[in-house]
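Here are a few friendly notes to read alongside the model. Please keep the structure open while you go through the points.

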Amino acid sequence: MSAPSASRSGIDDEQLRPSATAAKAREPMNVLIVGVGGQGVIMVSKALAWLAQSKGFEVKQSEVHGMAKRGGTVFSHVRFGPQVWSPTIPKGEADILVALEWAEGLRWLPFLKPDTGIFICDTKRIVPPFACLNRRPGAPLRYSRETPAEVKAHVAEGYAIDATRMAEELGNERAANVVLIGALSTVLDFPAADWELALSAFVPKKTIAVNLDAFRLGRNWIDAARRTTTVAPEAGAPAANIPAPALVAYSVRLEITPQWCKSCDICVKLCPERCLRLNDERIVELAQPERCTGCRLCELLCPDFAIRVHLDAVANNAAAAQGATA
């Protein structure tokens, strides 16, 4: 028995075709997702691949991770279209580059199409330990200092989003990758409802509500950015000028989320000041706060985001006076 025609079933021919931009071209749509281990790069790519496949596209996905879960580079190629031969995206052929970390986004910019590529990046900075030779706050870091405005001048379309802060305000920092999925959804022609269905299939069941909120927040952010001529993301950019360490008056405060700590002991063993320890329940704690310099190595190395380092400004009249005469 032959299948009923579109006209007899009451479905328009257009509804039967895949709805993404790639359906209008012979070449596949190339999306490159990059970041640092633990940020959820693989989840983003799997959700996109699943969604594209559900719409009838041929999909190829290639990823590199492994030991990257300890803080190394993670990247995933997603290619979908009427026909896809290779699972990897050639340099200069990515239609969209989604970066979950600022320096990783800049590292992969050569893969973006120079004339039409879209760059979506979190301004989150995960500074590797070898960039922290001087551990005092304000010391210069061996880390990229390009601002969003400088990067936007070299791409066809670019968005720098403080997705991590936005996710924190929702109550779950780990949803930052879903904020970026929301941004990505605005440049691919899939319905928002289908994106939400894909997210519900891939995020932990207990976090579906907050992740859907993060997704909608990312979509709304892009819509607002397109309506304004102001470079809104500049506020979340890496600082171009950091004050000298002698002028910084601060107190260090560690925020530890016990339920996220997996007792891996990485932070304790690699703390340069030896001021951390595991308590009787094998949860990390700050044992010698007077020795902590706020270098952030524990925060940067924690694979489970269980530690946050806060540098709280304190009144320091001597430092202020020194700054005024400098």
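1. The charged end of Arg174 sits over the ring of Trp260, 4.5 Å from its centre. For a charge to sit over a ring, NZ of Lys or CZ of Arg must be within 6 Å of the ring centre and within 35 degrees of the ring normal.

2. A word on the basis: this is a predicted model, in which local features need pLDDT of at least 70 and side-chain atom pairs count only at pLDDT 80 or more, while totals for chains, interfaces and linings use all residues. Residues are numbered from 1 along each chain as its sequence is written, and side-chain values use heavy atoms, leaving out hydrogens and water.

3. Seven aromatic pairs are counted, where rings of Phe, Tyr and Trp (its six-membered ring) pair if their centres lie within 6.5 Å, with planes under 30 degrees apart called stacked, over 60 edge-to-face and the rest tilted. Phe57 and Phe80 form a tilted pair, because their planes are at 55°, with the ring centres 5.4 Å apart. Phe57 lies in the loop between helix H3 (41-54) and strand E2 (58-64) and Phe80 in strand E3 (residues 73-81), so this pair ties together parts 23 residues apart in sequence.

4. Which residues do ring pairs link into a cluster? They are Phe57, Phe80, Phe190 and Trp195.

Methods
Helices (H or I, at least four residues) and strands (E, at least two) are DSSP runs, numbered from the N terminus.
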